[in-house]
Amino acid sequence: NTVNWQAEFLVVGKFLGLARLGIYRMGSNLAQIPTAEMMDPIRRVVFPGFTMVMRDTGADPARIRAAYQRAQTFVTAVVLPVGVGFALVSDPLIRIVLDARWHDAGRITQYLAAIFAFQTLGSLVQPLAMAQDGTRRLFIRDLQMFLIRFPIILAGLYWWGLTGLVLAR
């Protein structure tokens with residue numbers, strides 16, 4: 001999973017140089033803040049909750065589905081709007097708060113924050129699969145995602161530079 005989500009930084013540095021890598025890294029880090037800061041505590045609570053539902057109901061599919069839907073509804077109602085809201089204000093905010101060297105990171109932050117916000121729609125699959133002892137399935141899913149995602153990122157980066165990388169994400 002870490003290789004899947006960090007490998008792009010290696011290729012940006014290789015193909016576009018350290019200055020563009022710094023801008024992309026700053027934009028990516030800033031874009032993750034709102035959703036990551038809200039999702040991390042939720043994931044820490046949801047995993048034990050799913051485990052308890054599994055244990056208490058004997059893995060009743062209807063109860064597991066209901067627990068997942070309640071948790072995902074909360075994430076969609078709270079985290080998704082915050083992430084999208086941050087995407088809308090991030091470019092002007094960066095231009096005001098950071099100096100001119102980082103202005104290029106504003107547009108990157110804007111697009112990636114929106115992407116990260118919408119990725120919360122499937123973000124509770126991991127704790128659910130772990131509660132169901134499905135770590136092998138998670139590994140296979142992450143490997144498949146890497147094998148699809150990384151060539152697309154390379155192609156976007158090769159043909160359109162940093163803009164192509166952001167769009168490929």
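**Chatting through the model**

Reader: What share of the contacts with a separation of 6 or more comes from residues 24 or more positions apart?
Author: In the protein, 73% of those contacts are between residues 24 or more positions apart. Contact here means heavy atoms within 4.5 Å.

Reader: Thanks! Anything I should know about where the values come from?
Author: This is a predicted model, so local features need pLDDT of at least 70 and side-chain atom pairs count only at pLDDT 80 or more, while totals for chains, interfaces and linings use all residues. Residues are numbered from 1 along each chain as its sequence is written, and side-chain values use heavy atoms, with hydrogens and water left out.

Reader: How many helices and strands are there?
Author: Six helices and zero strands, giving the pattern α-α-α-α-α-α along the sequence. Both are DSSP runs numbered from the N terminus: helices are H or I with at least four residues, strands are E with at least two.

Reader: And what does the C-alpha trace span?
Author: About 55 × 35 × 20 Å along the principal axes.

Reader: How much of the protein counts as buried?
Author: 40% of its 169 residues. Buried means under 20% relative accessible area, exposed over 50%, and partly exposed in between, with a 1.4 Å probe and protein chains only.

Reader: Let's pick a helix. How far apart are the end C-alpha atoms of α4?
Author: They are 25 Å apart, which agrees with the 24 Å that the 17 residues of α4 (103-119) should span at 1.5 Å a residue. The expected span is 1.5 Å times one less than the number of residues.

Reader: Which parts do the buried residues of α4 pack against?
Author: They pack against α2 (18-57), α3 (61-97) and α6. The buried residues of α4 include Ile108, Leu112 and Phe116.

Reader: Nice. What is Ser28 in contact with?
Author: Leaving aside neighbours within four places in sequence, Ser28 touches Phe9, Ile108, Leu112, Phe116 and Arg169. Ser28 sits in helix α2 and is buried, at 0% relative accessible area.

Reader: Switching to rings: how many aromatic pairs does a search of the whole structure find?
Author: Five. One of them is Phe9 with Tyr24: the ring centres are 5.5 Å apart and the planes at 50 degrees, so the pair is tilted. Phe9 lies in helix α1 (2-16) and Tyr24 in α2, so the pair ties together parts 15 residues apart in sequence. Phe9 is buried at 9%, and Tyr24 is buried at 0%. Rings of Phe, Tyr and Trp (its six-membered ring) pair if their centres lie within 6.5 Å; planes under 30 degrees apart are stacked, over 60 edge-to-face, and the rest tilted.

Reader: What about Tyr158 and Trp159?
Author: That pair is edge-to-face, 5.7 Å centre to centre with 75 degrees between the planes. Tyr158 is exposed at 65% relative accessible area, and Trp159 is exposed too, at 58%. Tyr158, Trp159 and Trp160 form one aromatic cluster.

Reader: Last one: where is Asp133 found?
Author: Asp133 is in the loop between α5 (125-131) and α6 (135-168). Its phi is positive, about 60 degrees, although it is not a glycine. Most residues other than glycine have a negative phi. Asp133 is exposed, with a relative accessible area of 67%.
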